[in-house]
Amino acid sequence: MTQNMLNGLLTINKPDGISSHFAVHKVRKTIENSLKIKNFKVGHTGTLDPFADGILVLTLGDATKLTQNLQKHDKEYVAELAFGTKTSTDDSTGEILEEKDFLLDEKFISKIEKILRKYIGCSIQKPPIYSAIKVNGRKLYDYAVKNEKIEIPLRKILIYDLKILSWDSKTIKFFVKCSSGTYIRALFRDICSELGEMAYLKHLTRTKLDNFALSESLNLRDFTQNFSEEYLQKHLFPIDDLFREIPKIKLLPEDLEKFKLGNLSFLADFRRYNFSDDYFALEFKNKILAVIEYKTRYKFVYFFQSRIKKLEVKQNV
């Protein structure tokens, strides 16, 4: 198997207790050791906190070129909130700061459901201080552990859906569908603040990232124990699957010729498409040839070289 055959996406069910970085390391080392490959590239399209489990979409080979560019995917979670306890990190990893006896009942659940409706839609969120967001070149977490004050940058988030799945006397399980950049810990921190009650995020499972579902993901231990070339090929998604939701421009035959020469003049009236995304794909006969980023100018993010070469061969036949 050549390294070119290893370009694609792999969905892993990351267990709790390990970092996303460690999961990436395990997959990379398994591939390198089993296939006798050196310096194989593996990345991911959205991290998960160590205390959380769920889907982690990994980029393999050439697909790692897209890791930083295409992380703005919608996500779905099942979050379990435990009431009556406040922690320093708003989750199960923090120090317990305060506790009290508290029992959930129907009246309280009704109160929560009313508040949840207010959080659906766009809002501004203050991320938790215990996070990997960098300010002045340092992670917020570093400021927190050293008890240093820092202004935390606010961010715009979008909550598509937020509802209660089940509850008992101490905990509530919620379903959350949200935009990229949403901190679930911060979301429930704010909800509990409005409720006037203490709670912490006891458990978090990411069930979906973009169109990739946890039900289709590989258990990390199964991957390392059952790995083979055939096993990897069977579970590898094509790179195209990362671009299912981004806007696409269909090339005309005359545009294709210009594109192959590096001439993008056919995109002069690009703004007529009114894309809200910074990225779009160039497509010819339902095959993506390139992904382009546009902010103040065009920047090629990825080329499907083999497809472009095939088109050149056909043109020369």
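Leaving aside neighbours within four places in sequence, Thr85 is in contact with Ile96, Glu98, Glu99, Met198, Ala199 and Tyr200. Contact means heavy atoms within 4.5 Å. Thr85 sits in strand β5, residues 85-87. Thr85 is buried, with a relative accessible area of 10%. Buried means under 20% relative accessible area, exposed means over 50%, and partly exposed lies in between (1.4 Å probe, protein chains only).

## The model and the whole chain

This is a predicted model, where local features need pLDDT of at least 70, side-chain atom pairs count only at pLDDT 80 or more, and totals for chains, interfaces and linings use all residues. Residues are numbered from 1 along each chain as its sequence is written, and side-chain values use heavy atoms, with hydrogens and water left out.

The protein chain has 317 residues, and 48% of them are buried. Its secondary structure comes to 8 helices and 18 strands. Helices (H or I, at least four residues) and strands (E, at least two) are DSSP runs, numbered from the N terminus. The C-alpha atoms fill a box of roughly 80 × 50 × 40 Å, taken along the principal axes. Take the contacts between residues at least 6 apart in sequence: 69% of them join residues at least 24 apart.

The largest nonpolar core has 32 residues. Such a core is a set of buried Ala, Val, Leu, Ile, Met, Phe, Trp, Tyr and Cys residues joined through side-chain atoms within 4.5 Å. Phe83, Ile112, Leu162, Ile184, Phe188 and Ile191 have the most contacts inside the largest core. At least two core residues come from each of β4 (75-83), α2 (106-119), β10 (155-167), β11 (171-178), α4 (184-195) and β12 (199-209). A second, separate core has 22 residues, including Ile18, Ala23, Leu58 and Leu232.

Which residues does Ile112 touch, not counting those up to four places away in sequence? They are Phe83, Ile164, Ile172, Phe174 and Leu195.

## Strand β4 and its partners

In β4, 8 of the 9 residues are buried, so the strand is largely enclosed by the rest of the structure. β4 pairs with β11 in the antiparallel sense over 8 bridges. Two strands pair if DSSP finds at least two bridges between them. Leu81 has Ile172 of β11 as its bridge partner.

β4 is also joined to β12, by 9 bridges, and these two run antiparallel. Here the bridge partner of Ala82 is Tyr200, in β12. In a regular strand the side chains alternate between the two faces of the sheet.

## Two residues with positive phi

Lys36 has a positive phi of about 60°, although it is not a glycine. Lys36 is found in the loop between α1 (20-35) and β2 (42-44). Asp210 also has a positive phi of about 60° and is not a glycine. Asp210 is found in the loop between β12 and β13 (212-213).

Is each of them buried or exposed? Lys36 is exposed, with a relative accessible area of 73%. Asp210 counts as buried, at 13% relative accessibility.

Thr30 lies in helix α1. Thr30 is buried, with a relative accessible area of 11%. Its side chain reaches the backbone oxygen of Lys26 at 2.7 Å. Not counting residues up to four places away in sequence, Thr30 touches Phe223, Thr224 and Phe227.

Arg155 lies in strand β10. Arg155 is partly exposed, with a relative accessible area of 26%. A polar atom of its side chain lies 2.9 Å from the backbone oxygen of Gly181. Leaving aside neighbours within four places in sequence, Arg155 is in contact with Ser123, Ile124, Gln125, Pro127, Ile133, Gly181 and Tyr183. Arg155 and Lys177 are 22 residues apart in sequence and 17 Å apart in space, C-alpha to C-alpha.

## The largest pocket

The largest pocket holds about 1,400 Å³ of space. On a 1 Å grid over the protein atoms alone, a pocket is an open set of points where a 1.4 Å probe fits, with protein on both sides within 12 Å along at least five of seven lines. Grid points are joined across faces, edges and corners, and a volume is the space filled by probe spheres set on the points.

The pocket is lined by 43 residues. Lining residues have an atom within 4 Å of a point. Thr47, Leu48, Asp49, Ala132 and Tyr183 lie nearest the centre of the pocket. α1, β4, α4 and β12 each supply at least two residues of the lining.

How values were computed: A polar contact is a pair of N or O atoms within 3.5 Å; within protein, one must be able to donate a hydrogen and the other to accept it, and residues adjacent in sequence count only if both atoms are side-chain atoms.
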